[in-house]
Amino acid sequence: MIPIRDNVPCLIKPYVLRGIIIANIAVFLFEQMLTPQGRLALFHLLGVVPARFFNPEWAVAAGYPDSGVLPLLTYMFLHSGWLHIILNLWMLWIFADNIEDAMGHGRFLIFYMVCGIIAIAVQMVINPSDSAPVIGASGAVAGIMGAYMLLYPHGQVLTLFPVIIIPFFFKIPASLFLGLWFIIQIFSGVTNHFAEGAQKVAWAAHIGGFIAGMILARFFVKKGRCVYCYVPEKKDYELPDDF
(Lines give C-alpha, C1' and ligand atoms only; values in the text may rest on other atoms or scores of the structure.)
Protein backbone atom coordinates (compact mmCIF):
# COMPACT_ATOMS: atom_id res chain seq x y z
CA MET A 1 0.00 0.00 0.00
CA ILE A 2 2.05 2.90 -1.36
CA PRO A 3 0.64 6.45 -1.52
CA ILE A 4 1.34 8.26 -4.79
CA ARG A 5 -0.25 11.66 -4.12
CA ASP A 6 -3.26 13.30 -2.51
CA ASN A 7 -5.80 15.74 -3.93
CA VAL A 8 -5.75 18.45 -1.25
CA PRO A 9 -4.34 21.69 -2.74
CA CYS A 10 -1.47 23.44 -0.99
CA LEU A 11 -1.82 27.22 -1.08
CA ILE A 12 1.71 28.12 0.06
CA LYS A 13 5.22 26.99 -0.82
CA PRO A 14 6.25 24.41 1.84
CA TYR A 15 9.69 25.89 2.48
CA VAL A 16 10.13 24.26 5.89
CA LEU A 17 9.15 20.85 4.53
CA ARG A 18 11.72 21.20 1.76
CA GLY A 19 14.32 22.27 4.31
CA ILE A 20 13.62 19.22 6.49
CA ILE A 21 13.91 16.90 3.49
CA ILE A 22 17.17 18.51 2.35
CA ALA A 23 18.61 18.28 5.88
CA ASN A 24 17.74 14.58 6.07
CA ILE A 25 19.30 13.88 2.68
CA ALA A 26 22.45 15.86 3.55
CA VAL A 27 22.91 13.95 6.81
CA PHE A 28 22.29 10.64 5.07
CA LEU A 29 24.89 11.40 2.39
CA PHE A 30 27.34 12.26 5.15
CA GLU A 31 26.59 8.89 6.76
CA GLN A 32 27.48 7.16 3.49
CA MET A 33 30.96 8.69 3.64
CA LEU A 34 31.66 7.00 6.97
CA THR A 35 32.88 3.48 7.57
CA PRO A 36 30.35 1.00 9.02
CA GLN A 37 32.04 1.45 12.40
CA GLY A 38 31.83 5.23 12.02
CA ARG A 39 28.11 5.10 11.19
CA LEU A 40 27.41 2.87 14.18
CA ALA A 41 29.31 5.28 16.43
CA LEU A 42 27.31 8.20 15.00
CA PHE A 43 24.03 6.37 15.63
CA HIS A 44 25.02 5.68 19.24
CA LEU A 45 26.18 9.26 19.75
CA LEU A 46 23.31 11.20 18.09
CA GLY A 47 20.62 8.53 18.05
CA VAL A 48 18.51 7.72 21.10
CA VAL A 49 19.67 4.79 23.22
CA PRO A 50 16.93 4.41 25.88
CA ALA A 51 19.22 2.72 28.41
CA ARG A 52 21.54 5.71 28.15
CA PHE A 53 18.84 7.90 29.69
CA PHE A 54 17.28 5.45 32.14
CA ASN A 55 20.53 3.90 33.36
CA PRO A 56 23.17 6.65 33.67
CA GLU A 57 25.64 4.35 35.45
CA TRP A 58 25.53 1.92 32.54
CA ALA A 59 25.93 4.79 30.07
CA VAL A 60 29.06 6.04 31.83
CA ALA A 61 30.52 2.54 31.99
CA ALA A 62 29.76 2.04 28.28
CA GLY A 63 31.61 5.25 27.42
CA TYR A 64 28.74 7.49 26.33
CA PRO A 65 29.56 11.21 26.59
CA ASP A 66 27.16 13.59 28.32
CA SER A 67 25.19 15.08 25.40
CA GLY A 68 22.10 16.13 27.35
CA VAL A 69 18.87 16.05 25.37
CA LEU A 70 20.52 16.66 21.98
CA PRO A 71 19.88 13.08 20.73
CA LEU A 72 16.12 13.62 21.22
CA LEU A 73 16.36 16.05 18.30
CA THR A 74 19.18 14.68 16.18
CA TYR A 75 17.85 11.11 16.01
CA MET A 76 15.15 12.35 13.61
CA PHE A 77 17.75 13.14 10.95
CA LEU A 78 19.60 9.81 10.98
CA HIS A 79 18.65 6.82 8.82
CA SER A 80 20.02 3.31 8.59
CA GLY A 81 19.72 2.78 4.83
CA TRP A 82 18.27 3.86 1.51
CA LEU A 83 14.88 2.17 2.00
CA HIS A 84 14.58 3.67 5.49
CA ILE A 85 15.09 7.25 4.35
CA ILE A 86 13.12 6.92 1.08
CA LEU A 87 10.01 5.58 2.83
CA ASN A 88 10.12 8.24 5.55
CA LEU A 89 10.72 11.18 3.23
CA TRP A 90 8.14 9.98 0.68
CA MET A 91 5.41 9.80 3.31
CA LEU A 92 6.53 13.20 4.58
CA TRP A 93 6.38 14.69 1.08
CA ILE A 94 2.88 13.34 0.43
CA PHE A 95 1.23 14.55 3.64
CA ALA A 96 3.28 17.36 5.20
CA ASP A 97 2.79 20.15 2.67
CA ASN A 98 -0.87 20.53 3.66
CA ILE A 99 0.02 20.53 7.34
CA GLU A 100 2.53 23.33 6.79
CA ASP A 101 -0.16 25.09 4.74
CA ALA A 102 -2.59 24.92 7.68
CA MET A 103 -0.08 25.87 10.39
CA GLY A 104 2.30 28.26 8.73
CA HIS A 105 6.05 27.77 8.48
CA GLY A 106 7.14 28.42 12.06
CA ARG A 107 4.35 26.52 13.77
CA PHE A 108 4.82 23.59 11.41
CA LEU A 109 8.50 23.27 12.30
CA ILE A 110 7.73 23.32 16.02
CA PHE A 111 4.90 20.82 15.54
CA TYR A 112 7.15 18.45 13.60
CA MET A 113 9.88 18.52 16.24
CA VAL A 114 7.42 18.17 19.14
CA CYS A 115 5.81 15.12 17.52
CA GLY A 116 9.25 13.59 17.04
CA ILE A 117 10.16 14.18 20.69
CA ILE A 118 6.88 12.72 21.96
CA ALA A 119 7.30 9.72 19.66
CA ILE A 120 10.75 8.87 20.99
CA ALA A 121 9.59 9.48 24.56
CA VAL A 122 6.88 6.83 24.11
CA GLN A 123 9.43 4.44 22.61
CA MET A 124 11.78 4.99 25.55
CA VAL A 125 9.07 4.38 28.13
CA ILE A 126 8.01 1.15 26.39
CA ASN A 127 11.60 -0.12 26.09
CA PRO A 128 13.63 1.68 28.77
CA SER A 129 16.42 -0.91 28.89
CA ASP A 130 17.03 -1.07 25.14
CA SER A 131 20.71 -0.52 24.32
CA ALA A 132 20.22 -0.25 20.53
CA PRO A 133 20.05 3.25 19.04
CA VAL A 134 16.67 4.43 17.76
CA ILE A 135 17.00 6.59 14.64
CA GLY A 136 14.82 7.91 11.86
CA ALA A 137 12.17 10.52 11.08
CA SER A 138 9.29 8.05 11.26
CA GLY A 139 8.03 9.21 14.66
CA ALA A 140 7.78 12.83 13.50
CA VAL A 141 6.33 11.71 10.16
CA ALA A 142 3.71 9.69 12.03
CA GLY A 143 2.75 12.92 13.82
CA ILE A 144 2.24 14.59 10.44
CA MET A 145 0.06 11.68 9.34
CA GLY A 146 -2.01 11.91 12.51
CA ALA A 147 -2.54 15.62 11.91
CA TYR A 148 -3.53 14.95 8.31
CA MET A 149 -6.11 12.39 9.41
CA LEU A 150 -7.64 14.95 11.77
CA LEU A 151 -7.58 17.92 9.39
CA TYR A 152 -8.13 16.33 5.96
CA PRO A 153 -10.10 13.06 6.39
CA HIS A 154 -12.12 13.98 3.30
CA GLY A 155 -9.01 14.01 1.10
CA GLN A 156 -8.35 11.29 -1.45
CA VAL A 157 -5.07 9.39 -1.73
CA LEU A 158 -4.05 7.77 -5.00
CA THR A 159 -2.61 4.49 -3.75
CA LEU A 160 -0.58 1.76 -5.42
CA PHE A 161 -1.40 -1.83 -4.50
CA PRO A 162 1.24 -4.05 -6.14
CA VAL A 163 0.04 -7.62 -6.66
CA ILE A 164 3.11 -9.70 -7.60
CA ILE A 165 4.26 -7.71 -10.66
CA ILE A 166 0.93 -6.08 -11.53
CA PRO A 167 0.34 -2.53 -10.21
CA PHE A 168 -3.20 -1.56 -9.23
CA PHE A 169 -4.10 2.07 -8.48
CA PHE A 170 -7.06 3.13 -6.36
CA LYS A 171 -8.31 6.42 -4.95
CA ILE A 172 -9.12 5.85 -1.29
CA PRO A 173 -10.17 8.29 1.46
CA ALA A 174 -7.28 9.66 3.48
CA SER A 175 -9.04 8.60 6.67
CA LEU A 176 -9.11 4.98 5.43
CA PHE A 177 -5.49 4.96 4.26
CA LEU A 178 -4.15 6.50 7.47
CA GLY A 179 -6.47 4.45 9.66
CA LEU A 180 -5.21 1.24 8.07
CA TRP A 181 -1.62 2.43 8.48
CA PHE A 182 -2.21 3.08 12.18
CA ILE A 183 -3.83 -0.33 12.72
CA ILE A 184 -0.87 -1.99 11.01
CA GLN A 185 1.52 -0.18 13.38
CA ILE A 186 -0.41 -1.43 16.42
CA PHE A 187 -0.61 -5.01 15.12
CA SER A 188 3.07 -5.03 14.14
CA GLY A 189 4.11 -3.52 17.46
CA VAL A 190 2.20 -6.09 19.52
CA THR A 191 3.39 -8.98 17.34
CA ASN A 192 7.04 -7.92 17.41
CA HIS A 193 6.99 -7.25 21.14
CA PHE A 194 6.39 -10.93 21.83
CA ALA A 195 8.44 -12.35 18.95
CA GLU A 196 12.01 -13.39 19.67
CA GLY A 197 14.59 -12.16 17.20
CA ALA A 198 12.13 -9.75 15.58
CA GLN A 199 13.48 -6.87 13.54
CA LYS A 200 14.10 -3.77 15.62
CA VAL A 201 11.49 -1.26 14.49
CA ALA A 202 10.30 1.58 16.71
CA TRP A 203 6.61 0.70 16.47
CA ALA A 204 5.83 2.48 19.75
CA ALA A 205 7.32 5.68 18.33
CA HIS A 206 5.06 5.40 15.27
CA ILE A 207 1.97 4.93 17.43
CA GLY A 208 2.94 7.66 19.90
CA GLY A 209 3.79 10.13 17.14
CA PHE A 210 0.51 9.49 15.30
CA ILE A 211 -1.61 10.01 18.41
CA ALA A 212 0.39 13.11 19.37
CA GLY A 213 -0.19 14.55 15.90
CA MET A 214 -3.94 14.01 16.12
CA ILE A 215 -4.17 15.58 19.56
CA LEU A 216 -1.84 18.56 19.01
CA ALA A 217 -2.78 19.54 15.45
CA ARG A 218 -5.78 21.64 16.45
CA PHE A 219 -3.55 23.78 18.73
CA PHE A 220 -1.07 24.56 15.94
CA VAL A 221 -3.48 25.36 13.12
CA LYS A 222 -3.28 29.03 12.25
CA LYS A 223 -6.60 30.85 12.12
CA GLY A 224 -7.72 31.55 8.58
CA ARG A 225 -5.05 29.33 7.00
CA CYS A 226 -6.77 25.95 7.04
CA VAL A 227 -8.94 26.56 3.96
CA TYR A 228 -9.52 22.91 3.07
CA CYS A 229 -9.52 21.51 6.60
CA TYR A 230 -12.51 19.48 7.73
CA VAL A 231 -15.02 21.48 9.72
CA PRO A 232 -18.29 19.62 10.53
CA GLU A 233 -20.53 22.62 10.02
CA LYS A 234 -18.78 23.70 6.80
CA LYS A 235 -20.30 21.92 3.80
CA ASP A 236 -19.20 24.08 0.89
CA TYR A 237 -15.52 23.18 0.47
CA GLU A 238 -14.58 21.51 -2.79
CA LEU A 239 -11.49 19.43 -3.49
CA PRO A 240 -10.09 18.63 -6.92
CA ASP A 241 -11.29 15.21 -8.00
CA ASP A 242 -8.65 14.65 -10.67
CA PHE A 243 -5.17 13.25 -10.06
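Hi everyone, let's start with helix H7, residues 105-126: at 1.5 Å a residue, its 22 residues should span 32 Å, and the end C-alpha atoms are 32 Å apart, which agrees. The expected span here is 1.5 Å times one less than the number of residues. Helices (H or I, at least four residues) and strands (E, at least two) are DSSP runs, numbered from the N terminus.

A quick word on where this comes from. This is a predicted model, where local features need pLDDT of at least 70 and side-chain atom pairs count only at pLDDT 80 or more, while totals for chains, interfaces and linings use all residues. Residues are numbered from 1 along each chain as its sequence is written, and side-chain values use heavy atoms, with hydrogens and water left out.

Back to H7. Its buried residues include Phe-108, Phe-111, Tyr-112 and Met-113, where buried means under 20% relative accessible area, exposed over 50%, and partly exposed in between (1.4 Å probe, protein chains only). What covers the buried residues of H7? Among the elements doing so are helix H1 (15-32), H6, helix H8 (138-151) and helix H10 (203-220).

How many of the 14 residues of H8 are buried? Twelve are, so H8 is mostly covered. Among them are Gly-139, Ala-142, Met-145 and Tyr-148.

Now please find Glu-100, in helix H6 (residues 82-103). Is Glu-100 buried or exposed? Glu-100 counts as buried because its relative accessibility is 0%. Its side chain makes a polar contact with the side chain of His-105 at 2.6 Å, and also reaches the backbone nitrogen of Val-16 at 3.0 Å. A polar contact is a pair of N or O atoms within 3.5 Å; within protein, one must be able to donate a hydrogen and the other to accept it, and residues adjacent in sequence count only if both atoms are side-chain atoms. Leaving aside neighbours within four places in sequence, Glu-100 is in contact (heavy atoms within 4.5 Å) with residues including Ile-12, Tyr-15, Phe-108 and Arg-225.

Ile-12 sits in the loop between strand E1 (2-6) and H1. At 21% relative accessibility, Ile-12 counts as partly exposed. Not counting residues up to four places away in sequence, Ile-12 touches Glu-100, Asp-101, His-105 and Arg-225. The C-alpha atoms of Ile-12 and Lys-223 are 211 residues apart along the chain and separated by 15 Å.

Let's move to the strands. Thr-159 belongs to strand E2 (residues 156-163), and Thr-159 is buried, with a relative accessible area of 0%. A polar atom of the Thr-159 side chain lies 3.1 Å from the backbone oxygen of Val-157. Beyond four places in sequence, Thr-159 touches Met-1, Ile-2 and Pro-3, as well as others including Phe-168 and Phe-177.

Next, strand E3 (residues 166-173), which holds Ile-166. Ile-166 is partly exposed, with a relative accessible area of 47%.

Finally, Pro-36 in helix H2 (residues 36-46): at 54% relative accessibility, Pro-36 counts as exposed. The C-alpha atoms of Pro-36 and Trp-82, 46 residues apart along the chain, are separated by 15 Å.
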